[in-house]
Amino acid sequence: DIVKIAFIVQRYGAEILGGSEYHCRLIAERLAVKHDVEVLTTCARDYISWENEYPEGNDRIRGVTVRRFKNARTRDIAAFNRYSDWIFHNPHTREDEMSWLEQQGPWCPPLLEYHNRNHRQYDALIFFTYLYAPTVLGLDIDPSRSILVPTAHDEPAIRLSIYKEMFKKAAAVAYNTDVEKNFLKTTFEFRSVAEETVGCGVELLQDQAQADDPEPEDEDEIHKRMPPHLRARGAQFRRRHRLQGQFLLYGGRIDAGKGCEELIEYFTSYKEQGGEAQLALMGVKLMQLPEVPWVRFAGLLSERERLQALEAATIVVVPSPLESLSLLALEAMAVGTPVLCNARADVLVEHCTKSNAGLFYQDRDEFVECTKLLLADDRLRDRMGRNGKEYVKKNYRWDVIMQKYDKLIGALRR
């Protein structure tokens, strides 16, 4: 039964790898195989400024129609941070919160106008991320046809009263993890008719690697003739980025908010204690990296190259203190690479304990000791790698995820 679905999300593009926007694209592309899927989004590529970089109008990305609308303003991040600091710590009005929402961005009246005029033509409206104006204001338009994917964690913004009102509205909710669900259900009142803990599938990465390969047969032949040391997992990535020996890998937005500053500090301590491994970072660089030989910046990679990087890594490190799912951790597990995670993110601790595929650290000393332990023990890493693959296969297969979305969409149409 084909249904018409609109995804509403703050940014959308093949270049945006990581976060809720990447998650949204993976779900949209999978649902588009069976249903009529459109994405309503802004012209922004960068979430700091929300500048209009993509052209306005319709686009087609991997089988999905994308309708882009221009933002009315850009964000002054310093002024916004000052206003946030004030609003989180002082009594204020609902008008103050609406002003905060507008300053946060993206502020895109044309998207909301289109949504308001056309919402009846869709069977389901799927909103990604609770935080931004397209979700907060968009959920008002047709709550009975709306599915919210909150991608939420405990942070100062979520305590604002606009969100208390918002969480009551959606007819259905798709949580990422039980940790997220428990936090939201104990903090807010929901009036949804259906809910599921869904998450996201991760096998796409392997599918994509094969699809992006222009001449798979030829490459296989070349691969067979290679000497054994070049046939090792991720050998191409290692050669391209001059990585010899063991290395830790981070992927995603490279900024302090994602724990990258702390990661570099902790890794520096590991090096000061005589550690020989290197640290590689892939993604968009939003902070300065130290100019030392043991930190390698790999840049923004294609999905095929990201797969090679995840396979090449000795350990994939997830330093973010705030996560609602962490595709980075799940993708690492899917290719059999153990993870080292920030224990301040309950979701990451849950992934590690349920899967037995990684360790987590509370502070600098634990980071250093976990790193040393994982690097020293090949058998432990191998066992964790197998556990991770099993965990992903059991919980994050695409057919399981799609069934859950179909169930939520079905609940709206009763």
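## Strand S5

Ala-124, Ile-126 and Phe-128 point to one side of S5, while Leu-125 and Phe-127 point to the other, and all are buried. Buried here means under 20% relative accessible area, with exposed set at over 50% and partly exposed in between, using a 1.4 Å probe and protein chains only. S5 is mostly covered, with 5 of its 5 residues buried.

The structure is a predicted model, in which local features need pLDDT of at least 70 and side-chain atom pairs count only at pLDDT 80 or more, while totals for chains, interfaces and linings use all residues. Residues are numbered from 1 along each chain as its sequence is written, and side-chain values use heavy atoms, with hydrogens and water left out. Helices (H or I, at least four residues) and strands (E, at least two) are DSSP runs numbered from the N terminus.

## The mixed sheet

S5 belongs to an open sheet of 8 strands, ordered S3-S4-S2-S1-S5-S6-S7-S8, with mixed pairing. Strand S3 (57-61) and strand S8 (194-197) stand at the edges with a single partner strand each, so one side of each is left without a neighbour in the sheet. Neighbouring strands of this sheet are turned by 20 degrees against each other on average, direction ignored. Two strands pair if DSSP finds at least two bridges between them.

Which strands does S5 pair with in the parallel sense? On one side, 4 bridges join S1 to S5, running parallel, and Ile-8 has Phe-127 in S5 as its bridge partner. S5 is also joined to S6 by 4 bridges, again parallel, with Ile-126 opposite Ile-147 in S6. S6 in turn pairs with strand S7 (residues 172-175) over 2 bridges in the parallel sense; there, Leu-148 has Val-173 in S7 as its bridge partner.

Helix H4 (residues 109-118) lies across strand S1 (4-8), strand S2 (36-42), strand S4 (64-69) and strand S5 (124-128), and runs at about 150 degrees to S2. Axes are lines fitted to C-alpha atoms, for helices over the stretch in contact, and angles run from 0 to 180 degrees between N-to-C directions.

Leu-160 sits in the loop between strand S6 (146-149) and helix H6 (161-166). Its relative accessible area is 4%, so Leu-160 is buried.

Leaving out residues up to four places away in sequence, Leu-160 touches Ile-87, Phe-88, His-92, Glu-97 and Trp-100. Contact means heavy atoms within 4.5 Å. Leu-160 and Phe-88 are 72 residues apart in sequence, and their C-alpha atoms are 7.9 Å apart in space.

Another open sheet has 6 strands in the order S11-S10-S9-S12-S13-S14, with parallel pairing. Its edge strands are strand S11 (295-299) and strand S14 (358-361), each pairing on one side only. The twist from one strand to the next averages 25 degrees. Within this sheet, strand S9 (residues 247-251) and strand S12 (residues 315-318) run parallel and are joined by 2 bridges; Leu-248 has Ile-315 in S12 as its bridge partner.

Helix H12 (residues 303-312) lies across S9, strand S10 (278-282) and S12, at about 145 degrees to S9. H12 is mostly covered, with 8 of its 10 residues buried. The buried residues of H12 are Glu-303, Arg-304, Arg-306, Leu-307, Gln-308, Ala-309, Leu-310 and Ala-312.

## Helices H1 and H17

The axes of helix H1 (residues 19-32) and helix H17 (residues 398-412) come within 11 Å and cross at roughly 80 degrees. H1 and H17 are therefore roughly perpendicular to each other, a label that covers angles of 65 to 115 degrees, where under 35 counts as roughly parallel, over 145 as roughly antiparallel and the rest as oblique.

From H1, Leu-26, Ile-27, Arg-30 and Leu-31 meet Trp-398, Ile-401, Met-402, Tyr-405 and Asp-406 of H17. The residues of this contact divide into 7 nonpolar, no polar and 2 charged. Nonpolar covers Ala, Val, Leu, Ile, Met, Phe, Trp, Tyr, Cys and Pro, charged covers Asp, Glu, Lys and Arg, and the others, Gly among them, count as polar.

## Cysteines

How many disulfides does a search of the whole structure find? The search finds 0 disulfides, a disulfide being a pair of cysteine sulfur atoms within 2.5 Å.

For Cys-200, the closest cysteine sulfur is in Cys-24, at 9.8 Å, too far for a bond. Cys-200 counts as buried because its relative accessibility is 0%. For Cys-352, the closest cysteine sulfur is in Cys-341, at 3.8 Å, also too far for a bond. Cys-352 counts as buried at 2% relative accessibility.
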